[in-house]
Amino acid sequence: MKSGSTLTTWLSGLDGSRLARVLGARRDAMAPPEPRTVGELADRLQRPGSVALSLQRLALPHFQVAEALVALGAPASRAALGELLGAADGQAARDLDAVLEALADHALAWPDGAGDLHVAGSLHQVWDAPLGLDAPLEELLADTTSEELRGMLAALGVRPPGVKQQRLAALVDHHSDPEQVVSVIAGAPEAARELLERRAAGTPGQPRSAVFGTAGDGLEPGERWALERGFLVQDRYYYGPSRMPAEVALALRGPGRHAPFDPVPPSTRCAPVTSREVDHEASAAATAFASRAVSVLSVCSATAPVRLKSGGIGARELARIGRAAQADDAVVRLVLETAHAAGLMSPDGDRVMPTEAYDAWTQQEPPEQFAVLLRAWRDLPLTPAQARDEDGKALPALAGAPPCNGCVQARHGLLAAAERLPAGQGATVASELGSLVTWHRPLAHPSPTDGTPFATVIREAELLGVLARGALSALGIHLWTGDTESLDFECRRLLPPATTTARIGADLTAVVTGTPSARLASLLDSVADRETSGTASVWRFSAGSIRRALDAGLVRDDITADLAAVAAGPLPQPLSYLIADVARGHGRVRVSPAACVVHGAEPALLAELAAHRRLAKLGLRQLAPTVLVSRSPLDATLAALRAEGYAPVAETAEGTVRIERAWSPHAAAGGVNTSAPVDPGALALQLLKAPPTLPDPAPLAGGRPFATDTEEIVSGWAKHLPYSDVRQLAHAIDTGGPITVEYVAASGNRTVRTLSHLDLDPPYLEAWCHLRDDGRVFTLSRIHGVMGLVPE
């Protein structure tokens with residue numbers, strides 16, 4: 001009987017409640033419209049996509065039983081299955097019945113009228129070699145000639161029948177008797193016996209030296225003996241290693257060897273924990289994350305992150321966002337990935353820009369904002385906090401990598417594992433939940449850089465308040481069940497509403513407990529510097545921050561009025577005095593753009609020049625009765641004035657009249673130097689007496705601003721380097737050129753390294769080390785000198 005019709009018969013015999021359980025277990029696989037007959041339902045359940053969807057939700061024992069059923073072949077008896085799994089009686093048998101019941105609810109395995117077990121046809125495609133067993137002998141010998149079959153039977157001492165089908169049936173009948181197989185192999189040469197026992201145990205053989213060849217080429221010791229008797233079967237064209245039929249492998253394994261069956265999850269150390277303790281910790285974590293999420297996305301809204309040429313946001317941009325938002329790398333990555341999944345941010349050209357949905361999100365209260373990101377995290381097709389790949393290279397955020405279903409299963413497995421902990425108990429060490437994730441979701445993928453299994457996804461759950469005190473919080477429970485309405489309620493219960501006021505102290509700080517509203521955060525960011533963020537955020541006022549607000553166009557009265565409107569009490573006098581003092585001095589000195597200055601003793605003449613229509617292209621502007629500034633360079637201004645009949649003269653930087661000497665064609669043609677000869681000795685003495693050339697002051701010491709973001713990042717981490725060395729190192733990073741540095745190892749040894757292929761990943765620098773001829777990771781703070789490139 002075909003599996004489809006058997007499933008139809010089984011479904012037809014179910015009562016209403018049991019049929020509803022099957023429909024509930026496979027509801028996501030039911031594409032509209034709903035099936036109208038049991039036969040149509042059975043066909044729908046047999047589809048490969050439906051089978052794959054159910055497998056993703058099953059625990060390890062369900063996989064083990066399904067694999068054993070596929071290995072036994074359908075239909076299989078319940079007794080044979082129990083014997084194979086070592087679950088013929090006792091508690092193990094009851095556990096097996098429970099697993100079979102769950103497989104039946106998912107329409108993956110079901111009994112027929114005789115009690116034999118059938119499996120979904122698509123389930124055979126899941127395992128190439130279930131339980132390490134190859135295909136049956138009859139399938140492996142399908143292309144074997146009648147003469148070859150005759151030779152195998154003769155080698156076994158069996159009289160060959162007359163036709164091919166009879167010979168094949170006789171060989172299959174012989175190999176299906178475990179006692180006969182074991183008896184023949186017991187008398188085999190030692191090399192053949194060891195080879196067959198090793199293959200039966202699942203240890204692969206040696207690969208052939210050539211893909212194609214004759215039957216005698218590249219055989220292992222004893223392999224010819226096994227091939228001549230059908231205990232191993234070679235591909236017709238000698239492609240790949242020989243294969244062992246399933247009947248031979250089962251006979252050699254013997255009746256005492258059982259397939260793996262682990263119906264009980266691994267034990268986890270637990271400690272008592274109250275729901276109040278879980279709520280308190282979950283509330284603190286969720287509140288802190290919501291506040292940091294607002295900060296991270298606010299920074300991205302103010303300055304859209306730049307995308308790498310290969311796609312995604314690189315380590316440099318992530319570090320910039322983290323510094324500005326006072327958030328570590330894991331939080332920044334988690335916020336960006338969930339915000340992108342929720343539609344709050346989207347790539348636009350070479351940047352990642354906020355969307356219209358982000359504008360609406362900023363107007364929501366923190367509980368609603370957090371719920372949006374939390375729902376997006378549940379089904380993210382990646383592990384957002386994973387910062388490095390299996391090779392240790394930094395991963396960009398929002399890189400658009402292919403969806404990883406195993407990452408989704410890791411998250412769902414964690415929720416399932418934590419949800420099944422004993423009531424009132426939490427894992428003593430949260431990382432121990434990793435072994436439970438593997439049991440609940442065998443298809444889950446751990447991060448390749450995790451020291452313990454699934455440490456990254458566990459850390460994400462703790463940051464979001466889904467996991468608290470080693471137990472699943474109320475947020476996690478409703479996230480697991482998919483109850484959106486209850487999840488939103490718990491977010492409102494655990495997260496306070498946005499704070500609209502700040503406590504402004506006489507120490508020039510503003511403290512906001514909880515999550516500040518978008519308006520409050522924007523105001524404080526504009527007039528003060530954020531020092532900390534999280535459960536409580538702190539801003540500090542300074543002359544520089546007030547000056548920054550005035551430079552942005554705000555005026556003294558507006559700043560005072562806006563701060564008074566959000567202050568929990570009256571503005572402290574020190575802050576009022578600070579605002580007044582900075583505003584009083586703001587703008588007393590003005591700086592205008594100018595390429596050169598035009599001045600003279602006659603105000604009327606200067607006014608005439610400023611009003612001259614033909615000189616309008618110079619961009620002349622009168623600053624004083626006798627002073628004009630020009631937007632055009634000095635020589636262009638001179639030429640324009642002279643073209644209009646004026647007779648200006650040029651001045652040097654010291655204010656003296658510049659002498660314009662005529663060009664001498666004789667000196668140029670003959671190369672004659674008309675100046676007095678220079679005494680080399682006198683010139684050397686003059687140079688020695690000259691003061692040394694000082695390097696440019698660093699930006700933090702009042703010098704010019706950093707030329708690139710790389711300079712600023714390197715300067716922040718490489719504290720031992722002067723600014724000139726910082727510039728050299730940053731230039732090498734940006735251009736990809738080699739550089740030679742003095743490096744101090746953790747042991748204190750000083751070495752000189754020539755580096756190339758530099759990749760900045762603060763606080764580290766990944767590079768190819770020419771000294772070691774290998775890739776190395778260097779700590780920026782241990783680079784004590786930059787010497788450029790030493791020629792080889």
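Is glycine 392 buried, partly exposed or exposed? In this predicted model, glycine 392 counts as partly exposed, because its relative accessibility is 29%, a value that falls between the 20% under which a residue is buried and the 50% over which a residue is exposed. Glycine 392 is found in the loop between H19 and H20, and although 385 residues separate it from valine 777 in sequence, the C-alpha atoms of the two residues are 9.9 Å apart in space.

That pairing can be set against the protein as a whole. The protein has 792 residues, of which 42% count as buried, and its secondary structure comprises 34 helices and 20 strands. Among contacts between residues at least 6 apart in sequence, 61% join residues that are at least 24 apart.

Because glutamate 766 lies in strand E18 (residues 764-769) while arginine 388 lies in the loop between helix H19 (366-378) and helix H20 (405-419), the pair ties together parts that are 378 residues apart in sequence. The two partners can also be described by their accessibility: glutamate 766 counts as buried, at 11% relative accessibility, whereas arginine 388 is partly exposed, with a relative accessible area of 22%. Elsewhere, salt bridges that share partners join Arg198, Arg199 and Glu220 into one network.

Side chains of opposite charge can pair when their charged atoms come close. The structure holds 26 salt bridges, and one of them joins arginine 493 to aspartate 279, with 3.2 Å between the closest N and O atoms. This pair links distant parts of the chain, since arginine 493 belongs to helix H24 (residues 484-494) and aspartate 279 to helix H15 (residues 275-302), 214 residues apart. Arginine 493 is partly exposed, with a relative accessible area of 41%, while aspartate 279 counts as buried because its relative accessibility is 18%. A further salt bridge, with an N to O distance of 3.2 Å, is formed by the side chains of arginine 378 and aspartate 379. In this pair arginine 378 counts as buried at 18% relative accessibility, and aspartate 379 is partly exposed with a relative accessible area of 43%.

What does the side chain of arginine 333 reach? Arginine 333 is found in helix H17 (residues 329-341) and is buried, with a relative accessible area of 3%. The side chain of arginine 333 reaches the backbone oxygen of leucine 395 at 2.7 Å. Leaving aside neighbours within four places in sequence, the contacts of arginine 333 are Leu318, Pro384, Ala385, Gln386, Ala387, Leu395, Pro396 and Ala397.

Helix packing gives another view of the model. Two packed helices are described by the angle between their axes and the distance between the axes. Helix H12 (residues 190-200) packs against helix H14 (residues 246-253) at an angle of about 100°, with the axes 9 Å apart, and the two helices are therefore roughly perpendicular to each other. On the H12 side the contact involves Leu196, Glu197 and Ala200, which meet Ala249, Leu252 and Arg253 in H14; the residues of this contact divide into four nonpolar, no polar and two charged.

Helix H21 (residues 433-440) shows how a helix can be covered, with six of its eight residues buried. The buried residues of H21 are Leu433, Gly434, Leu436, Val437, Trp439 and His440. What covers them includes helix H5 (60-72), H20, strand E6 (425-427), helix H22 (455-463) and strand E7 (467-468).

The last stop is a loop residue, proline 625, which is placed between strand E14 (621-624) and strand E15 (627-630). Proline 625 counts as exposed because its relative accessibility is 55%. Not counting residues up to four places away in sequence, proline 625 touches Pro603 and Leu606, and its C-alpha atom is separated by 9.5 Å from that of leucine 605, 20 residues away along the chain.

Notes:
Residues are numbered from 1 along each chain as its sequence is written. This is a predicted model: local features need pLDDT of at least 70, side-chain atom pairs count only at pLDDT 80 or more; totals for chains, interfaces and linings use all residues. Side-chain values use heavy atoms; hydrogens and water are left out. Axes are lines fitted to C-alpha atoms, for helices over the stretch in contact, and angles run from 0 to 180 degrees between N-to-C directions. Helices (H or I, at least four residues) and strands (E, at least two) are DSSP runs, numbered from the N terminus. Angles under 35 degrees count as roughly parallel, over 145 as roughly antiparallel, 65 to 115 as roughly perpendicular and the rest as oblique. Contact means heavy atoms within 4.5 Å. Ala, Val, Leu, Ile, Met, Phe, Trp, Tyr, Cys and Pro count as nonpolar, Asp, Glu, Lys and Arg as charged, and the others, Gly among them, as polar. A salt bridge is a side-chain nitrogen of Lys or Arg within 4 Å of a carboxyl oxygen of Asp or Glu. Buried means under 20% relative accessible area, exposed over 50%, partly exposed in between (1.4 Å probe, protein chains only). A polar contact is a pair of N or O atoms within 3.5 Å; within protein, one must be able to donate a hydrogen and the other to accept it, and residues adjacent in sequence count only if both atoms are side-chain atoms.
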